[in-house]
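Visitor: Please show me the model, and then let me put some questions about its architecture to you.

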Amino acid sequence: MNEIDKIRHSLAHLLAMAALEYDPKAQLGIGPVIENGFYYDIKFSEPFSDNTLPQLEKRMRELAKEHLGFKRIPVSALDARGQFEGQPFKLDLINDLEAKGEDITLYSTGDEFIDLCRGGHVENTSEIPANAFKLSHIAGAYWKGSEKNAMLTRIYGLAFETAEQLESYEQRQLEAKQNDHRVLAEKLDLFTISNDVGKGLPLWLPNGAYVRKQLEDFIYRKEDSAGYQYVYTPVLTHKRLYEQSGHLSHYRDDMYSPIEIEGDEYFLRPMNCPHHHQIFKHRPHSYRDLPMRLAESGLVHRFERSGVLTGLIRARCFTQNDAHIYCAQDSLGDELIKILELFDDVYSTFDIKDYWFRLSLPDFENGEKFGDIEDRKTWETATAAARQALETFGAKYVEGGGEAAFYGPKIDVQIRNVNGKEDTIATVQVDFYSAKRFDLSFDDAHGNKARPVIIHRAIMGSFERFFAFITEQYGGKYPTWLSPTQAVVLPVSDKHMDYAKSVEANLRAAGVRVNTDTQGQLGKRIRQSKESKIPYILVVGDKEVDNNDLSVDSRDAGKLGNMTTADLAGRIKKEISSYK
């Protein structure tokens, strides 16, 4: 464990000490190190609010000044249970450790506090920088992540090596909050959530719907030119399809309750792949037909617990930029490289640069099974093809155990969001499993039946998540081609209205999305237009009417002076063409 993580882990123990002093009846859960800090899950005997955090933080600083040492204490399960009598969550952890046959260790902090812990601490609390940590916020957390268990209070803390690092992080977090897609959605009228419609079920407002439609049209053009064929499939499906696909056995908890129709059970689909398999299967195929690339903007529904819903990033219904490629095994590598090239092409358009790939595999070393694929050799074949494609393409990638799909390895696209946290925005999955399960085949060059390999891929992931990501990345300042309104005409007074309307009409005729705003004083309208992040603000007054031109203020380039309507339209069209 590195030094900063030792500091963070030690602070978690000080937090537990302070919490028990505040509430001697509190029951302690776990207190791990996380990125940028730590947390501790605690069940308090009385309601707890974040108003108490300054009190706990103050006490932590006092404890740190006492030069408390950390001491490792190996114990038996019996002795550990005696130590934590009255602490049910610690007893639960001890039972887990005993069942796994793992060593049990305690750590003392000073002479009074002992916690169940694997270790990783500073030698003495005097090593903790006094002004480089802070308790930030609280949240609810189910014990062991299950809603069937008790709800605890999770207290989050930040910790760095210097006060300057802490201050810098908090400033970035403040900026991230301002660029949160939910905040920007409210300011820019992008989408809304109605309690009458239901949690996690977004309603797209005209501005947001326009941006989303541009994303859909953009990826359609890219995929069409890359040889994809678009299909449409229903959102309601008989349960036997999901029994055959394995989704009912693997993902039943993430699916909604069945709907009974004429004695049969139907489900809202959680994934599109089984439907595409049916399209592939509807007629015989030759090796000459492959690869077959089927694409769909497919609406899916998944049961997300209310506690994890996050605007468009985690919703209960979303539309995937989905595609499935059916190919012969000897062309798998080439198809994977083409997909990586498509990622690069699409992401460069949106100025997405700092992303990397994660080759997600089963955690064989820790006993994880390889899903429903019959043997490990098949997993290794699929993994080798994915790894070779990444290396041939020259992709930046890491490998991660325990993240694979039940039917094969994945290449996940990883990126850091505006909060600095690692997030997955898209995926590619290699599937040697479904073709046999659905009896999919093609005639090879020798006239024999062969199984296709299936690649599941989503370049943009879901349109909702991709929309949320670029909204935060741009801070709501969409490129001109994506902007719901590209220009706004502001007449200085009513006598300039006719000219303003003629400017609007001419720009519309040239393909510019423009409107005229006449509501309120000019200064207020200019301010509102800037807050709406409109790329071009066009002011027209006496001078502009006399010269038949416009006073142009560019959001990105500043004041451009006066130019004709035709020149502005040409500038905007050129700007747009560079993205399409």
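Visitor: On what basis are the values given?

Guide: This is a predicted model, in which local features need pLDDT of at least 70 and side-chain atom pairs count only at pLDDT 80 or more, while totals for chains, interfaces and linings use all residues. Residues are numbered from 1 along each chain as its sequence is written, and side-chain values use heavy atoms, with hydrogens and water left out.

Visitor: What percentage of the residues in the protein is buried?

Guide: The secondary structure comes to 18 helices and 28 strands, where helices (H or I, at least four residues) and strands (E, at least two) are DSSP runs numbered from the N terminus. The C-alpha trace spans about 90 × 75 × 50 Å along its principal axes. Buried means under 20% relative accessible area, exposed over 50%, and partly exposed in between (1.4 Å probe, protein chains only). Of the 580 residues, the buried share is 49%.

Visitor: Which strands are the edge strands of the eight-stranded open sheet?

Guide: Two strands are said to pair if DSSP finds at least two bridges between them. The eight strands follow the order 11-15-16-23-20-19-17-18, with mixed pairing. Pairing on one side only marks the edge strands, which are strand 11 (229-230) and strand 18 (397-401).

Visitor: Which residue in strand 18 stands opposite arginine 358?

Guide: Strand 17 (residues 355-361) pairs with strand 18 in the parallel sense, over five bridges. Opposite arginine 358 stands valine 398.

Visitor: Why is strand 20 largely enclosed by the rest of the structure?

Guide: Strand 20 pairs antiparallel with strand 19 (residues 410-416) over seven bridges, and glutamine 414 stands opposite threonine 424 there. Strand 20 also runs antiparallel to strand 23 (residues 453-458), joined to it by five bridges, with threonine 427 opposite alanine 458. Strand 20 (residues 422-431) is largely enclosed because the number of its ten residues that are buried is eight.

Visitor: Which glycine takes a positive phi in the hairpin of strand 19 and strand 20?

Guide: This hairpin has five residues between its strands. A positive phi near 85 degrees is taken there by glycine 420.

Visitor: What is the average twist from one strand to the next in the sheet of order 4-5-6?

Guide: Three strands make up this open sheet, and their pairing is antiparallel. Strand 4 and strand 6 (113-116) each have a single partner strand, so one side of each lacks a neighbour in the sheet. With axes taken as lines fitted to C-alpha atoms, for helices over the stretch in contact, and angles running from 0 to 180 degrees between N-to-C directions, the twist averages 30 degrees.

Visitor: Which residue in strand 5 stands opposite isoleucine 73?

Guide: Six bridges link strand 4 and strand 5 (residues 104-109) in the antiparallel sense. The residue opposite isoleucine 73 is leucine 106.

Visitor: Is histidine 67 buried or exposed?

Guide: Histidine 67 is in the loop between helix 2 (53-64) and strand 4 (70-75). Its phi is positive, near 55 degrees, in a residue other than glycine. Since its relative accessibility is 51%, histidine 67 counts as exposed.

Visitor: What is the relative accessibility of glutamate 262?

Guide: Glutamate 262 lies in the loop between strand 13 (259-261) and strand 14 (264-268). Phi of glutamate 262 is also positive, near 55 degrees. Glutamate 262 counts as exposed because its relative accessibility is 82%.
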